[in-house]
Amino acid sequence: MKIAYLSNIYPVTSATFIRREIRALEKLGVNISRFAIRKWTDQLVDPADIEEQTNTQYLLTGNTKGVLRNTAKTLTENPKAFWRALKLVAKLIGNAKGQLVHHAAYLGEACCLYQACRAQGIDHLHAHYSTNTAAVAMLSHALGGPSYSFTVHGPDELDAPVHNSTALKIEHAAFVVAITDFCKSQLVRYSNFDNWDKIKVMRCGIATEEFTPSDHSFENNYQLVCVARMSGLKGQMLLPDAIAPIVDKHPEVKIVIVGDGEMRPKLESKIKTLGLEQHFDLRGWQTNAQVSDIVGASRALILPSFAEGLPIVFMESFARARPVMATYIAGIPELIDETCGWVTPAGSVERLTQTLDDLLSTSPEQLKAMGEEGRRRVEAMHDVNGLAANLKQAFEQQVQR
C-alpha cells in the first residue's frame, strides 16, 4: 500500500503534527510519499523539519514549467478526464464567486500531482485541510488519480463552507477526518446527509512516549508560557491588558511567548506602553525540544485564542504534566475542564484577568494534580500511535475496495 500526503506548505514550524502523523504511520509500515504545493520561505529551526523538507516533492515552488508541461501532457493523454476536472473547477469558481486564476492554478497543480502519483504507484492520497489542498486532491482524482481523503482542523476553513466548496469536496472524497466532535458537527452541518457517514472523528495526537512529566517544581514558579503564531486570532494582544491589573498582586509573574508573526510589533508596543517589559519575554520560534523545555519549566500554558481547532501544544503541555488555560471555543472543552486547567470566555479581558489571577493563586498541590489529570487525558485521547493505527485501517479499507 502506497499512500501520498499532500499539504499546502510543508514542513512548517506551526504544523509539526503532520510530520508526527506521517512518521507514526511509517512506523506501522505504511509507505508514504510527501507532496506540498509550496515550500515554506521562512527559516526552519527544528532538525526534523529540515529533514522533512528534503523528502518533500513540491508541485508549484520552482516548478512553473513542470506545471505547464504536466497540464499539457494530461490534457493530451486523457481529454475526457481533463474535461471532467474542468467541470469541477467551474463549480469551485461558482461557489467562490470568482478566483479564476487561483482555481486554474489548482488544476495545473492537480495535473502535476496526478502524473507523480501515477508514476509512483500511489494507491490513496490524504490531504491536510479542506482548502486548496483538498481541491487539488479532488481534481487529481477526477483526472484519474487515486482516491483521496482529507483532515479538517479549523478554524478558518470552517468559516465559509460554501465559498470553500466543502460539501463538494466531501462528496467526492473517500472519507473525511474531523479532529474533534465540534469539527464534525460543522462538517455535518454543511454537507449532504448522504455523505455524513464519510465523516470520522480521529483526534490529532502526539507521541506521548517522547514526553516525560516535568519534575520542575510549581512552588514559587510564576512563569506562564504562550506558544502560538503571533496573529490576531491567537489573542496574545489581550495579555498585556489582562495581566496589568494583577502584577502588583503577583509581582514575579512572567509570560514567555514562543512564536512569531505579524502581530509582534504591535504586541511589543503594547507591552512597552503599559510598562510591562519585565513581565514579558518574547522568544520567537524555538525547536520542538526548546518548546518542551520551556513548557516543562512553566507553571502553566496559556492561550487566549478567539478561534481554534484544538492546538497540539495543549497536548504537549499535558504530556509534560503542566495544566493549560484556554478559551471556551470549538473543540477545546472536549479536552480541558476545571480538573486539568481553566477555560475562560474568548475576548473578555476582564474574565481573562480573573482567570490568570486564579491560575497564579492556585496551590502547588492543586497544580500538580491538574497536570497529572492532563497527562492521563492526553494518553487516553491524543496519542499519535492510536491515530496512526486508525488512519492505517481507513487507508487499507479504501485501497482494498
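Guide: Helices here are DSSP runs of H or I with at least four residues, numbered from the N terminus. The model is a predicted one.

Visitor: What makes the stretch that holds Lys80 a helix?

Guide: Lys80 lies in helix α4, which covers residues 79-96. A helix needs a run of at least four residues, so the stretch 79-96 qualifies as one.

Visitor: Why is Lys80 called exposed?

Guide: The relative accessible area of Lys80 is 66%. Exposed means over 50%, so Lys80 is given that label.

Visitor: What makes Lys80, Arg84, Lys87 and Lys91 a patch of positive charge?

Guide: These four residues gather on the surface. Lys and Arg count as positive, and like charges are joined into a patch when they lie within 9 Å. Members must also have over 30% relative accessible area and no salt bridge. For Lys80, the 66% passes that area cut-off.

Visitor: What share of the chain is buried?

Guide: Buried residues make up 57% of the 401 residues. To be counted there, a residue must have under 20% relative accessible area.

Visitor: Why is Tyr129 called partly exposed?

Guide: Tyr129 has 28% relative accessibility. Partly exposed is the range between under 20% for buried and over 50% for exposed, so Tyr129 belongs in it. Tyr129 is in the loop between β4 (124-128) and α6 (132-142), and its phi is near 85°, a positive value in a residue other than glycine.

Visitor: Why is Asn220 called exposed?

Guide: The relative accessibility of Asn220 is 60%. The cut-off for exposed is over 50%, so the label holds for Asn220. Asn220 sits in the loop between β7 (199-201) and β8 (223-227). As a residue other than glycine, Asn220 has a positive phi, near 55°.

Visitor: Which peptide bonds are cis, among them the one from Tyr10 to Pro11?

Guide: The bond from Tyr10 to Pro11 is cis, with omega near -10°; Pro11 is in the loop between β1 (2-9) and α1 (16-27). The bond from Gly154 to Pro155 is also cis, with omega near 0°, and Pro155 lies in the loop between β5 (147-152) and α7 (166-172).

Conventions: Residues are numbered from 1 along each chain as its sequence is written. This is a predicted model: local features need pLDDT of at least 70, side-chain atom pairs count only at pLDDT 80 or more; totals for chains, interfaces and linings use all residues. Side-chain values use heavy atoms; hydrogens and water are left out. Patches are made of residues with over 30% relative accessible area and no salt bridge: like charges are joined within 9 Å, nonpolar side chains (Val, Leu, Ile, Met, Phe, Trp, Tyr) within 5 Å. Accessible areas come from the Shrake-Rupley method with a 1.4 Å probe; for residues, only the protein chains shown count as cover. A salt bridge is a side-chain nitrogen of Lys or Arg within 4 Å of a carboxyl oxygen of Asp or Glu. The place of a charge is taken as NZ of Lys, CZ of Arg, CG of Asp or CD of Glu. Helices (H or I, at least four residues) and strands (E, at least two) are DSSP runs, numbered from the N terminus. Buried means under 20% relative accessible area, exposed over 50%, partly exposed in between (1.4 Å probe, protein chains only).
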